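Work through the exercises below with the model open. Each task is followed by its solution, step by step.

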Amino acid sequence: MNFQRINAIFEKDMKDFMKNTMLLFMPVTPILLAALYSQMSMGEGDGMPISLVYLVVGVVFSTTTSGLIMIMMAEENEKMTLRGLIMSPASFWDIIIGKSLVTALLTLVTLIISLLFTDIEHFFNIKAMTGLILLFLFFLFLGMGVGLFVKSVGITSAYLLPIMFLFGFTPMFEAFNLADTAMKVAETFPIIQLLKMHEDNSWAPLGVVSLWVIGAALFAYICFIRTRRDD
Amino acid sequence: MKHAIQVKKLRKEFNKKAALEDVDFEVYQGEIFGLLGPSGSGKTTTIKILTGELKKTSGNVSVLDMKPDLFTSSDFKSQIGILSDNSTLYERLTVYDNLKLFCKLYNAPLQQIDEVLIQVNLKNDSKKVVSKLSKGMKQRVLLAKALIHKPKLIFLDEPTSALDPGNMAHIHQGLRALNKAGTTIFLTTHNMEEATELCDRVAFLHKGQIQELDKPDDLRYKYSNNTFHIETFSGEKLEIENVPENAEQIKELIIEGSVKRMYTDNPTLGQIFLKVTGRELV
């Protein structure tokens, strides 16, 4: 790993981000949603229900984390600029870390603002924070993999919507009256596992989320290797 | 002489169809080597194999004494520069910001940016956003990007294809200076004048095979019809074969003072290519 190269990619991405209106507005959606939910639950006394807080967390990670990195990677892929980075002396890790830093920074800002609107106190403990970090990594790798997999930015929305629905809005599944098997599958999803962690005060769900992170990381790695060569 | 590139019996197949067959050539350190061929002849495939963007099917390849399994290493990448059809720029960023990124990635000093911008005649355009540049200007920025770290070996795939004659001449001057400083240049081109002017040696690639490989002047001599064309003051046009038996006849014409014009008609590289392959370089 080379910090100068990581910093060079971060600096370039930051400048590019500031000039990309499409990306600039992406963090706005979860913040507006959080503000709306906070108004809806005002005056209920016990604060916002934890499932609603995690719904906001899911929307932040799916739209900001997955959405941003997916579009950034897809654009690099579509315009062949990623090949320029790959053909430079920057290593796999230099590129991956460098390209993730802007997303990480924006996710952090969006998450803090959104949680300030809802209920940030739920996350003032190591276990919950570890859960958020794992969740961030899962959505980051998932978005990165899809961004590398698709051939153009235009196609990303077709993938972003299912990711938002499946992994971001999972806390709403109970309200959908799904079949038992579908619910059982949904219960293994990362956000439901973190909700379980809050309810049961157990560390086990973090293990399940870690497996999701490893799976998403493998997916991103395979997609990255695919883009390295033309054959 | 030391080799910068060695290619032996190189073969590349796409879906079991050969794009390159038994390709053999060597590029010496410090030379400008031109790979000439029409579209689809395998030039870009060759460059991609030599830069690690494609895997060969069989044969031996060595670049800067490194085998293909090292072509993905930072050490290899920092010693080569590439300008290919895959090369692109960040359109929303300025020329300077694009070059700054690659300067840092290659660990080159930032002063290099001004140096390469002068080399590609873009010194006054460094603050311009890339999306606002013409195709020719973008091509020059890409060339600057490939040169930013002063590579030992540079691969140029059709480097002047989008340039006007003035900028082409400027780039040629820059490439010759770079070559004089010790950089080996491997270039592909359709432009025969460019190849004749720049290259120390050229190879004709056609249907995935090397058809000819030599110095441009030697090739022109090899394919000339070995005839002197003489025009006399009396308007007579003579064609005399360049053989020792005809020396006296030529000498006499010169002594008589009757020679108005005398020339040989060595063919151009384009004509030779047509003769060798049966098709033009387009």
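Two residues are in contact if their C-beta atoms, placed from the backbone, lie within 7 Å. This is a predicted model: local features need pLDDT of at least 70, side-chain atom pairs count only at pLDDT 80 or more, and totals for chains, interfaces and linings use all residues. Residues are numbered from 1 along each chain as its sequence is written, with chains lettered from A and ligands numbered from 1 in the order in which they are written.

**Exercise 1. Describe the side of chain A that touches chain B.**

Step 1. Count the residues. 21 residues of chain A are in contact with 22 residues of chain B.

Step 2. Find the elements. Helices (H or I, at least four residues) and strands (E, at least two) are DSSP runs, numbered from the N terminus. Helix H1 (3-18) and helix H5 (81-86) of chain A are the elements giving two or more residues to this side. H1(A) supplies the largest share, six residues.

Step 3. Sort by class. Ala, Val, Leu, Ile, Met, Phe, Trp, Tyr, Cys and Pro count as nonpolar; Asp, Glu, Lys and Arg as charged; the others, Gly among them, as polar. The side of chain A that touches chain B has five nonpolar, six polar and 10 charged residues.

**Exercise 2. Work out how H4(A) packs with H6(A) and with H7(A).**

Step 1. Take the axes. They are lines fitted to C-alpha atoms, for helices over the stretch in contact, and angles run from 0 to 180 degrees between N-to-C directions. Helix H4 (residues 50-78) and helix H6 (residues 92-117) of chain A have axes that come within 10 Å and cross at roughly 160°. For H4(A) and helix H7 (residues 126-149) of chain A, the angle is about 30° and the axes are 7 Å apart.

Step 2. Name the arrangement. Angles under 35 degrees count as roughly parallel, over 145 as roughly antiparallel, 65 to 115 as roughly perpendicular and the rest as oblique. H4(A) and H6(A) are therefore roughly antiparallel. H4(A) and H7(A) are therefore roughly parallel.

Step 3. Inspect the contacts. Among the residues of H4(A) that meet H6(A) are A:Val60, A:Leu68 and A:Met72; on the H6(A) side they include A:Leu106 and A:Lys99. The contact of H4(A) with H6(A) has nine nonpolar, seven polar and one charged residues. For H4(A) with H7(A), the classes are 15 nonpolar, seven polar and no charged residues.

**Exercise 3. Trace the sheet of chain B.**

Step 1. Order the strands. Two strands pair if DSSP finds at least two bridges between them. Six strands of chain B form an open, mixed sheet in the order E5-E6-E7-E3-E8-E9. Its edges are strand E5 (80-83) and strand E9 (209-214), each pairing on one side only. The twist averages 15° from one strand to the next.

Step 2. Follow the pairs. E5(B) runs parallel to strand E6 (residues 153-157), joined by four bridges. B:Ile82 stands opposite B:Phe155 there. E3(B) and E8(B) also run parallel, over four bridges, with B:Leu36 opposite B:Phe204. E8(B) and E9(B) are antiparallel, with five bridges. Here B:Phe204 has B:Glu212 as its bridge partner.

Step 3. Check the hairpin. Two residues lie between E8(B) and E9(B), and B:Lys207 takes a positive phi near 50°.

Step 4. Judge burial. A residue is buried if 20 or more other C-beta atoms lie within 10 Å of its own, exposed if 12 or fewer, and partly exposed in between. Five of the six residues of E8(B) are buried.

Definitions and conventions: Left-handed = near helix turned anticlockwise from the far one by under 90°.
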